[in-house]
Each structure stands twice: as C-alpha cells, then as structure tokens.
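User: Hello! I have a model open in my viewer and would like to learn how to read its features with you. Where shall we begin?

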Amino acid sequence: ASCDTAGACSASSDSSKDGSDGSVYCINGGTVGGSAGSCTCTCKPGYEGSGCETASACTASSNSTKDGSDGTLHCSAQYGTIGGTTGSCTCTCKAGYGGNGCETVGACSASSNSTKDGSDGIFYCINGGTVGGSAGSCECTCKPEYEGKSCQTAKSCTTEQYFDGSACQACPIFSSSTGGTSTSCTCAANTFASKSGNTWSCANYTVGATKAAGSVVPGTGGGEKEKDVCTASPTPPTETEKEKAEKTRDAMLSGIKDEKMKKKAKLLADAATTGKKVRKMSAKLTAPDEDTACSDYYAKAGLSSSLGACIATVASRRRGRALTATTYDVSVFFSDAEVDDSTLIAATNALKAEGVSVEINDVDPIVELGAIEGVDSSTLETFKAQATAAAATMPPSPP
C-alpha cells in the first residue's frame, strides 16, 4: 500500500494537537478542514483563536431572538450597556428601563432632587405632587395650593383675591384680602356680607347707617342682615371727592375681566385720585410664561412682587432643543406713593447688572386707563372729573 496521500483532518480537544498528524485542536463547534500537516479550524460566530478557544466580547443587537449564544445579544443601544462574552452575555439597563433588551420603559418615581428631569424615570416632584408617566415623559400633578412643573411654587393670590381651595378668585367689590392663600376677603367699612344665590358681595348700607370694616366674604349661612350689624346715624356723612372717585373707580374696575389688568387699572386710578405720578419701567425678558417673566423681573430688580403692577406680553418666540423660549415685553407700573425715585434707580441698576436694558417713562393715568379693555369710556370721563377734584383736595407732596 502507498503512504503518499495525507488524510483529512479531524477535531481534537487536546490543545497540543497542531494538525501534523491530522488531528488539530478545534473546539466550541469550530469546523475542521484541510489535511494532515495543513489543518484549519474555522470558528462559529462568537468565538475566535486558532482553536476557537476564545469566547468573543458580546455585541448588541436589535433582534429580539438573539440570546448571546453566538456572542450577539438583544440589547437596546440607547438604553442598555452590553457586556460579557459569548455564552454569558449581559445587557445592563439604564435607570428607568428594563425588560427584554432594556426596551421596556419603567414608571416614573418622585424625587426631591431638583436636577432629576425624568430621563431616567426619576422626576423632581415635591409638596405632595403625584408623579405619573414613564421614563422620558414624566409629569407631576400638583395639589390645589401648589403649581409649577414640579409643584415647587406655592400659589399666591393678590390682596384683591382669595384662594377657594383650587384657584385664586376675585374679591367682591368693596373688599380685599391679606393675599397669599387667604380663603376669604374682608368687606370695607359701611358694607356688609350679603349673599344672593351662591354669590357673595359686600353690600352698601342705606343712608344713615355705619359699620366698621370686618365682614367676611365668602361667609357662612345666608349672609348678614343690615339691621343686625349696622349702627344707625342720625346725620348721613358727607361724601368726599375722594370717596366719589373711588366708587366710580370700583364700578369701572368691575368691567375688567383680566386680573392683572384690573390691578394695573386700580394703581392708575388711585394715582389719579391722589395726584401721584405713575412711572412705567419697560424691559425685555426671556421666560417660559408671563408669570415667570414678571417674577424674574422683580427678582432681578430686587423688588417685592407686591409693588406696582406687572404686565408681560409676547414679543417673540424661539424654539430650542426641548422648550419654546419666549421673549416678553415686560411693563411694570409704579406709583410714587409706594416707590420713590431712589428705589427706582436702585432697581434700574440691579436690572442692568443682570444684563437687562430698562426704559423708564412717566405715564398719564387717565390716558393709560383708556387703553385697558373693559374700561367704559363714559364711566372713565366721570371718573376723570371726580379724580381731578379729589386730587385738588390732597395735601401737596413734600419737596
């Protein structure tokens, strides 16, 4: 017999076999080829090395059938991190994600960490807010007394509003509140708490009756009875020019629906009645909404938000990566009865230090009132005459 023909190679698990005798080290399902002296070992996917002895590092796949046996494992490239080697692959999910291949979005949970934006399923939500949604689209639903994206801001009503448990409501004419979360308003002197149906008001006494301020609206029961709470006066008091103007002012304000405009109108009317100057500070600020534009103005100016009346109107919008940023024309009106020149100068300098350009102008209260929606022109003419007469009775301002 002839020995000139080399035999086909065969696989061996003996790592010392080099193929010289036709037996070659080839494991992990490798395929042997060639003949004695020139054997080859072709590896299955997921293995490498001369004898396919080394498991390859795992790679991620979007194919949900991939189980890692060939070194490829179903694992989201966006929300998972692949690890391990063939046969023992791992897919470690980012926070907020789980399931097969880390493609299942988890429910959101609340955090007091203000940096948590919900991208990992953890969202900044405080003051008893309720978290909802799933990772990447979390939301925070606030209790009635809080607001803001994360319920971080306590609702604050003005002194012309009261909090009804869910929102700020306007105080009836002839009443005011302490602001904040006050749940009622106090009627002015010579008025009493009256209820008609479900509506509360501060009703005027008949001529000849007097009463100190203090009736509460909304009140309890069916309201007060005039004869039970008033004190009769034999001689009705003479109505002053200022009181006439204030009554007409209140009637004029009742036609204004927007609360911010109503606050502005009252400031203008009171200045006209007392002969005080009104100045308007104008600036441009970028903010997500009108209320934030105004609150940012007061913060940057170093002023209390209880001063003056702020009106913010949209100047322009620009769309960023995630949010729409809006530029607002912010106009804040001040009477020199509450803000003097030195305070305005300090506020202007503070705004400029924040990079905000400010313009200050004197305004005519009557002209400005005429531009407010809801102000009746005939009532304004009556008020103008009464305010001029009232202002004439005011003592001159000190030099």
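This is a predicted model: local features need pLDDT of at least 70, side-chain atom pairs count only at pLDDT 80 or more; totals for chains, interfaces and linings use all residues.

Analyst: Let's begin with accessibility: a residue is buried under 20% relative accessible area, exposed over 50%, and partly exposed in between, using a 1.4 Å probe and protein chains only. Residues are numbered from 1 along each chain as its sequence is written, and side-chain values use heavy atoms, with hydrogens and water left out.

User: Thanks! Which residue does lysine 66 meet in a salt bridge?

Analyst: Here is the general idea. Side chains of opposite charge can pair when their charged atoms come close. A salt bridge is counted when a side-chain nitrogen of Lys or Arg is within 4 Å of a carboxyl oxygen of Asp or Glu. In this model, lysine 66 meets aspartate 70, at 3.1 Å from N to O. Aspartate 70 is partly exposed as well, with a relative accessible area of 22%.

User: How many salt bridges does a search of the whole structure find?

Analyst: The search finds 15. One of them pairs aspartate 21 with lysine 17, whose closest N and O atoms are 3.1 Å apart. Lysine 17 has a relative accessible area of 29% and is therefore partly exposed. Another joins lysine 284 to aspartate 329, with 2.4 Å between the closest N and O atoms. Lysine 284 sits in strand β28 (residues 278-287) and aspartate 329 in strand β30 (residues 324-335), so this pair ties together parts 45 residues apart in sequence. Of these two partners, lysine 284 is exposed at 53%, while aspartate 329 is partly exposed at 27%. Then there is a network: salt bridges with shared partners join Arg249, Asp250, Lys266 and Asp270.

User: Is arginine 249 buried or exposed, and what does it touch?

Analyst: Arginine 249 is buried, because its relative accessibility is 9%. Contact means heavy atoms within 4.5 Å. Leaving aside residues up to four places away in sequence, arginine 249 touches Lys266, Ala269, Asp270 and Phe383.

User: How do I read the packing of α2 against α3?

Analyst: Axes are lines fitted to C-alpha atoms, for helices over the stretch in contact, and angles run from 0 to 180 degrees between N-to-C directions. Angles under 35 degrees count as roughly parallel, over 145 as roughly antiparallel, 65 to 115 as roughly perpendicular, and the rest as oblique. The axes of α2 and helix α3 (residues 259-274) come within 10 Å and cross at roughly 160°, so the two helices are roughly antiparallel. On the α2 side, Lys242, Ala245, Arg249, Met252 and Leu253 take part, facing α3 residues that include Lys266 and Asp270.

User: And what is the angle between α2 and α7?

Analyst: Helix α2 (residues 241-253) packs on helix α7 (residues 377-392) at about 155°, with axes 8 Å apart. That makes α2 roughly antiparallel to α7. Among the contact residues are Arg249 of α2 and Phe383 of α7.

User: Which helix pair is roughly perpendicular?

Analyst: Look at α4 and α5. Helix α4 (residues 290-301) and helix α5 (residues 341-353) pack at about 105°, their axes 7 Å apart. Tyr297, Lys300 and Ala301 of α4 meet Ala347, Ala350 and Leu351 of α5.

User: Let's finish with the loops. Where is cysteine 138 found?

Analyst: Cysteine 138 is in the loop between β15 (130-132) and β16 (139-141), and counts as buried at 14% relative accessibility. Beyond four places in sequence, cysteine 138 touches Cys108, Gly118, Gly121, Phe123 and Gly132. Its C-alpha is 6.5 Å from that of phenylalanine 123, a residue 15 positions away in sequence. Serine 76 is buried at 11% relative accessibility, and its contacts beyond four places in sequence are Cys91, Gly101, Cys102 and Glu103.

Terms used
Helices (H or I, at least four residues) and strands (E, at least two) are DSSP runs, numbered from the N terminus.
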